[in-house]
Structure formats: C-alpha cells, structure tokens
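Visitor: Please show me the model, and then take me through its packing one question at a time.

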Amino acid sequence: MSRIEKLALKEGCKEDAFILEAGKKIASCIMQSVQKKRVTLLVGKGNKGADAYAAGLALAEEGFFVQAAALYPPDSCTEWNKNFARRFAKRGKIVSVWDK
C-alpha cells in the first residue's frame, strides 16, 4: 500500500472506498476498450484481486455479463479479496480455476 493510502486510512478514509474507486476506473477502461458486453476477469489472491471483483461489480451495473476466474482458493486470499468475491458472487459468476 502506498504511503498516501496509509495516511488517508489513518485520517479516517475507508479501504473499501479505495477498492471501489479502483474498480470503477478499471471498468471505465474496459468499457472504452471492448465492443461486446461480455468480460472474464482473471482474479489473483491479493487486494488487486479485490479491485478486479470491484471492476466486475461496476461492469455488471452497466449491463455487462461478467465472470471471474479465481486463480487461488479462497482460504489463500486476503480478507478484502474474500469480501469482494462474496459481493461479486451476488451479481456475476465465479469460475474456480485452481487445482484442488
């Protein structure tokens, strides 16, 4: 996490808001780049994965069909990742691609 983010959190900002904003920015880039409203996200296990799920939420709000390919099992993911995976699962489809 950057020094600025740490200072903002110390001043009362919520990490949840950072993730949602990152997701909106990612979604905006995707919407400008694709012709079809169908997207598959590759989701890692860290907070960048949470950003990907947040992007999926923003895209779903814009009428996209969104599925997420989770590359790691939930027990190896950060808490924010798990939190946003649960939110995303209500709006999109999560496909597990890790070896069991």
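Guide: One term comes first: contact means heavy atoms within 4.5 Å. The model shown is predicted.

Visitor: Which strands does helix H3 lie across, and at what angle does H3 run to E1?
Guide: Helix H3 covers residues 47-61. It lies across E1, E2 and E3. Its direction relative to E1 is about 165 degrees.

Visitor: What angle does the direction of H4 make with that of E3?
Guide: H4 also packs on the sheet, where it touches E1, E2 and E3. With the direction of E3, that of H4 makes about 125 degrees.

Visitor: In what order do the strands of the open sheet come, and is the pairing parallel or antiparallel?
Guide: Strands of a sheet pair through backbone hydrogen bonds, in one sense or the other. Here three strands form the open sheet, and the pairing is parallel. The edge strands, each pairing on one side only, are E1 (38-43) and E3 (93-96). The order is E1-E2-E3.

Visitor: Which residue is the bridge partner of Ala70 in E3?
Guide: Strand E2, residues 65-70, pairs with E3 in the parallel sense over four bridges. In E3, the partner of Ala70 is Ser96.

Visitor: Are H2 and H4 oblique or perpendicular to each other?
Guide: Two packed helices are described by the angle between their axes and the distance between the axes. For H2 (residues 15-33) and H4 (residues 79-89), the axes come within 12 Å and cross at roughly 60 degrees. Angles from 65 to 115 degrees would count as roughly perpendicular. The two helices are therefore oblique.

Visitor: Which residues of H4 do those of H2 meet, and how many residues of this contact are charged?
Guide: H2 passes H4 in a right-handed crossing. From H2, Glu15, Asp16, Ile19 and Leu20 meet Trp80, Phe84 and Arg87 in H4. The residues of this contact comprise four nonpolar, no polar and, as charged ones, three.

Visitor: Is Leu59 buried or exposed?
Guide: Leu59 lies in helix H3. Buried means under 20% relative accessible area. Leu59 has 0% relative accessibility, so it counts as buried.

Visitor: How far apart in space are Leu59 and Ile26, C-alpha to C-alpha?
Guide: Leaving aside neighbours within four places in sequence, Leu59 is in contact with Ala27, Ile30, Met31, Val39, Phe64 and Val66. Leu59 and Ile26 are 33 residues apart in sequence. In space, their C-alpha atoms are separated by 9.3 Å.

Conventions. Residues are numbered from 1 along each chain as its sequence is written. This is a predicted model: local features need pLDDT of at least 70, side-chain atom pairs count only at pLDDT 80 or more; totals for chains, interfaces and linings use all residues. Side-chain values use heavy atoms; hydrogens and water are left out. Axes are lines fitted to C-alpha atoms, for helices over the stretch in contact, and angles run from 0 to 180 degrees between N-to-C directions. Angles under 35 degrees count as roughly parallel, over 145 as roughly antiparallel, 65 to 115 as roughly perpendicular and the rest as oblique. A crossing is left-handed if the near helix is turned anticlockwise from the far one by less than a right angle, and right-handed if clockwise. Ala, Val, Leu, Ile, Met, Phe, Trp, Tyr, Cys and Pro count as nonpolar, Asp, Glu, Lys and Arg as charged, and the others, Gly among them, as polar. Two strands pair if DSSP finds at least two bridges between them. Buried means under 20% relative accessible area, exposed over 50%, partly exposed in between (1.4 Å probe, protein chains only).
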